[in-house]
Amino acid sequence: MSLQWHYLDSQGTEFGPFDAQRMRSWHDQGYFSVAGDNLLVRLAEWKDFKRIGELYSGDKASYFVSAPRTPDGEESSRRDRDRSRSPRRRRDEHEAQPANDWYGRAGAGYPPAGYPYGHSVSPWYGYPGAPPGPWGAAPPGPWGQPAGMPPGAPRPYGWPPMSPHGPSPYGGYWPPPPHGAYGHPLPALPDYRSSDDRESGDRDRRERRRSRSRVDEKARRAEEEAEALRKLGRDGLRDLLTSTLESLYKDRIRPMANYVKGRLKERSSPDVVIRQFLDLYGQHSDLFKVNQADPDEASVFLVTEPTWFKGWVDLESTDDPYDEDMWQALKEFLEEGAHAFAGGRYGMARELVSRNLSFLAPYSLGEICHIVQLAIQHRKIIAYHKKMLKPMQGTLALANVSSNNGAGGAAADNLEEIGDLLQLCKVLFKTLRKHPQGIRLDRMKQMIKEECSCRLNEMAFKCTKLTELFRQEPLSSTFTLENDGKAFFVRPVDVASFSEEVRRIHDEVSGRDAGA
């Protein structure tokens, strides 16, 4: 005996029974596609509706035609149910009529009232004998069987037949069924989850979307990079990498990773080459040797050193091999105007090269970088001021004007200027009495101002940074700079290591505080 099925539409209206072949036919033609595996069905002898996907464990090939799994509780309910009672009569009892009676025939055989559009009349209006349609009078019929519709197959979830009277606002179809019928979005179901569960679910969905977006972006970038490398070609890539590295050899700048990357940027290399330069150099081991023993100090060298190469310049060396005439010419050039150089020592060196200064013509870019370093650290003719390198004299004048006219007005004029390093030792001892855990270097000036009413200007000692102060005596043998991972702290060494003069100052500060 063929299985007899009942089902619920999206508005909760029950229809059936229908035989398995008809339900299967409707399923294959896509009339249940919106509900999908969540379509609620039951056999005639069952009490409750179940999801079709659960009954067949997702095996779509067996839907409706094979015997489903009996849900829990239905076996006992079937035994207990009174099989002798008459079957319930439904308002849609005429649904078992042949489906082809729904098209172009008069009398009985129309679709069930309200099926599936929620109206009390058939939507297939316009056929002889059919009641008027819910949207006004239909064009004169009949249209016959809709194209492509096999006999006996109604459209329980589709749209009304195609209009033969030209296009309509609905793309050539009669108005669609009301919201909620199959073929349209299902109505929103109430969300019984807790607020935490909803927020968690929302976060998960957002994270999945972001993850998919990142994957898509990564795939897009990979494709763009591959295309850029294809356009450049193998020979073009090797020429670019070689010429870039040779330029550093000519400048006598050791080709550390950051210098190589910067030089590639200066030469407007493709982004993919800049991002993957170490890997690309490593792929051509016949030309280049990549040293990555220390990831922070990776370097790239030519396998064959050029015959014209004169050796690397040690940019940190304190040796000064340059003649005094060059230094005097540089000092005069800096004093000529209000010069300011961005980009640190390398940026200043490049700017000096671009000006074609005759006194720097014999030197390579690497040597000029070394000259700038010596001018900062030893010659004290250049200083950092507001992240720019400027002549020392002009910077000192600006610093004095700023300190005298800065925030505080008249109060700032009353601050005592620290004039020598022994006085600074005394001020630091006083500050440390109130802050025995140490003085944060980045707050040292402010703390000295608040605790001792003094003003410290490191450039008065020809230092561009506070750390340079503590390399000079007596500070270097009296205090130590300790890094706790977040900041540097100034702390005193053992009193026994103090010089006689510093110990006298320390005892004076300690005795005065004890007497107070």
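## A walk through a predicted model

Pro474 sits in the loop that runs between helix 16 (466–469) and helix 17 (475–478).

What is the form of the peptide bond from Glu473 to Pro474? That bond is cis, and its omega is near 5°. A cis peptide bond also joins Gly16 and Pro17, with omega about 5°. Pro17 belongs to strand 2 (residues 14–19), while Pro474 is in a loop.

### Backbone angles to look for

Next, turn to the phi angles. Phe64 is not a glycine, yet its phi is positive, about 75°. You can find Phe64 in the loop between helix 2 (52–55) and helix 3 (74–80). Is Phe64 buried or exposed? Its relative accessible area is 1%, so Phe64 is buried.

Lys380 is another residue other than glycine with a positive phi, in this case near 55°. Look for Lys380 in the loop between helix 11 and strand 7 (382–385). Because its relative accessible area is 17%, and buried means under 20%, Lys380 counts as buried.

### Charged pairs

Now for the charged side chains. Side chains of opposite charge can pair when their charged atoms come close.

| Side chain | Partner | Distance (N to O) |
|---|---|---|
| Arg220 | Glu217 | 2.2 Å |
| Glu225 | Arg275 | 2.5 Å |
| Glu351 | Arg355 | 3.0 Å |

Take Arg220 and Glu217 to begin with. These two residues are three apart in helix 4, so about one helical turn separates them. Arg220 has 39% relative accessibility and therefore counts as partly exposed. Glu217, at 32% relative accessibility, is also classed as partly exposed.

The side chains of Glu225 and Arg275 meet in a salt bridge too. Which parts of the chain does this pair link? The two parts are distant ones: Glu225 is in helix 4 and Arg275 is in helix 7 (residues 271–275), 50 residues apart. Glu225 counts as buried because its relative accessibility is 13%. Arg275, on the other hand, has 44% relative accessibility and so counts as partly exposed.

The table also lists Glu351 with Arg355, whose side chains form a salt bridge. Glu351 has a relative accessible area of 31%, which means that it is partly exposed. Arg355 is partly exposed as well, with a relative accessible area of 36%.

Salt bridges can also be followed through a group of residues. Asp251, Arg263, Glu266 and Arg350 are linked in a network of salt bridges.

### A positive patch

Arg203, Arg206, Arg208, Arg209 and Arg212 come together on the surface in a patch of positive charge. One of them, Arg212, is part of helix 4 (residues 195–232). Arg212 counts as partly exposed because its relative accessibility is 48%.

From charge we move to nonpolar residues. In soluble globular proteins, nonpolar side chains tend to be buried together. The largest nonpolar core here has 51 residues, and Trp327, Leu352 and Leu360 have the most contacts inside it. Which elements each supply at least two residues of this core? They are helix 5 (234–251), helix 6 (257–266), helix 7, helix 8 (277–282), strand 6 (299–302), helix 9 (324–336), helix 10 (344–354) and helix 11 (365–377). Helix 11 provides the largest share of this core, with eight residues.

### One last pair

Finish your walk at Phe429, which is in helix 14 (residues 421–434). With a relative accessible area of 5%, Phe429 is buried. How many residues apart in sequence are Phe429 and Ser510? They are 81 residues apart in sequence, and their C-alpha atoms are 8.4 Å apart in space.

Technical notes:
Residues are numbered from 1 along each chain as its sequence is written. This is a predicted model: local features need pLDDT of at least 70, side-chain atom pairs count only at pLDDT 80 or more; totals for chains, interfaces and linings use all residues. Side-chain values use heavy atoms; hydrogens and water are left out. Patches are made of residues with over 30% relative accessible area and no salt bridge: like charges are joined within 9 Å, nonpolar side chains (Val, Leu, Ile, Met, Phe, Trp, Tyr) within 5 Å. Accessible areas come from the Shrake-Rupley method with a 1.4 Å probe; for residues, only the protein chains shown count as cover. A salt bridge is a side-chain nitrogen of Lys or Arg within 4 Å of a carboxyl oxygen of Asp or Glu. Lys and Arg count as positive and Asp and Glu as negative; His and the chain ends are not counted. The place of a charge is taken as NZ of Lys, CZ of Arg, CG of Asp or CD of Glu. Helices (H or I, at least four residues) and strands (E, at least two) are DSSP runs, numbered from the N terminus. Buried means under 20% relative accessible area, exposed over 50%, partly exposed in between (1.4 Å probe, protein chains only). A nonpolar core is a set of buried Ala, Val, Leu, Ile, Met, Phe, Trp, Tyr and Cys residues joined through side-chain atoms within 4.5 Å.
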